[in-house]
Amino acid sequence: MMDPAAAVICADLLYREGLHLDRQEWDAWLALYAEDAVFWIPAWLDEHRTTSDPDREVSLIYHDSRFGLEERIMRIRTRKSVTALPLPRTVHMITNILPVQAAPDTIEVTSSWIVHDFDPRVSRQHMLFGRYEHGLRRGGDGTWRIARKKVLLTNDVIPTALDFYSV
């Protein structure tokens, strides 16, 4: 059984992440990530296996540091991203949060998620769902941050543009 304090830390961080994405609070969302954080959505190879090497296999999204996420947000803010004009409205629902390994300064956690989004450009709603694998790390200031986020997108027939805010 995992330490109950680890479960509280995980739930708080994952719920905050979803809320910041839904409110489009980009700076607060980025602040949850460590500078060297990896954000990865692997592609599916078949019904049961995803790609395992983002350097040699296809990924739906891959950033090897927070800088890639910062650059994406800059493109949204400066309206240089035509796929995000206007941005869809989202609701992130995160559940089944389970710390699977914990040490004093790191926690590995798995969870399930559903994101509902409404695209005002075409008045359509979509739903994506899957599992998250987060690696959390406590910084020198005592704050827990996301060091790694792997998104396993279960329904990968994507009816619209896929971006970090839609998973």
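## Trp40 and the sheet

Trp40 stands opposite Tyr62 in strand E2. This is a predicted model, where local features need pLDDT of at least 70, side-chain atom pairs count only at pLDDT 80 or more, and totals for chains, interfaces and linings use all residues. Residues are numbered from 1 along each chain as its sequence is written, and side-chain values use heavy atoms, with hydrogens and water left out. Helices (H or I, at least four residues) and strands (E, at least two) are DSSP runs, numbered from the N terminus.

E1 and E2 pair in the antiparallel sense over four bridges; to pair, two strands need at least two bridges found by DSSP. Zoom out, and you get an open sheet of six strands, ordered E2-E1-E6-E5-E4-E3 with mixed pairing. E2 and strand E3 (89–103) sit at the edges with a single partner strand each, so one side of each has no neighbour in the sheet.

## Helices across the sheet

Two helices to look for here are H1 and H3. Helix H1 (residues 4–22) lies across E1, E3, E4, E5 and E6, running at about 155° to E3. Helix H3 (residues 66–77) lies across E1 and E2, at about 80° to E1. These angles run from 0 to 180 degrees between N-to-C directions, using axes fitted to C-alpha atoms, for helices over the stretch in contact.

## Thr51 in its loop

Find Thr51 in the loop between strand E1 (33–42) and strand E2 (59–63). Thr51 counts as buried because its relative accessibility is 4%; buried means under 20% relative accessible area, exposed over 50%, and partly exposed in between (1.4 Å probe, protein chains only).

Its side chain reaches the backbone oxygen of Val58 at 3.0 Å. Leaving aside neighbours within four places in sequence, Thr51 has contacts (heavy atoms within 4.5 Å) that include Trp40, Pro42 and Glu57.

## A cluster of rings

Search the whole structure and seven aromatic pairs turn up. Rings of Phe, Tyr and Trp (its six-membered ring) pair if their centres lie within 6.5 Å; planes under 30 degrees apart are stacked, over 60 edge-to-face, and the rest tilted. Trp26 and Phe164 make an edge-to-face pair, 5.4 Å centre to centre with 70° between the planes. Trp26 belongs to helix H2 (residues 26–31), while Phe164 is in the segment after strand E6 (144–153), 138 residues apart.

Trp29 and Phe164 are stacked instead, at 4.8 Å and 20°. Both Trp29 and Phe164 are buried. Ring pairs link Trp26, Trp29, Tyr33, Phe164 and Tyr165 into a cluster.

Note on methods: Polar contact = N/O pair within 3.5 Å; in protein donor to acceptor, adjacent residues only side chain to side chain.
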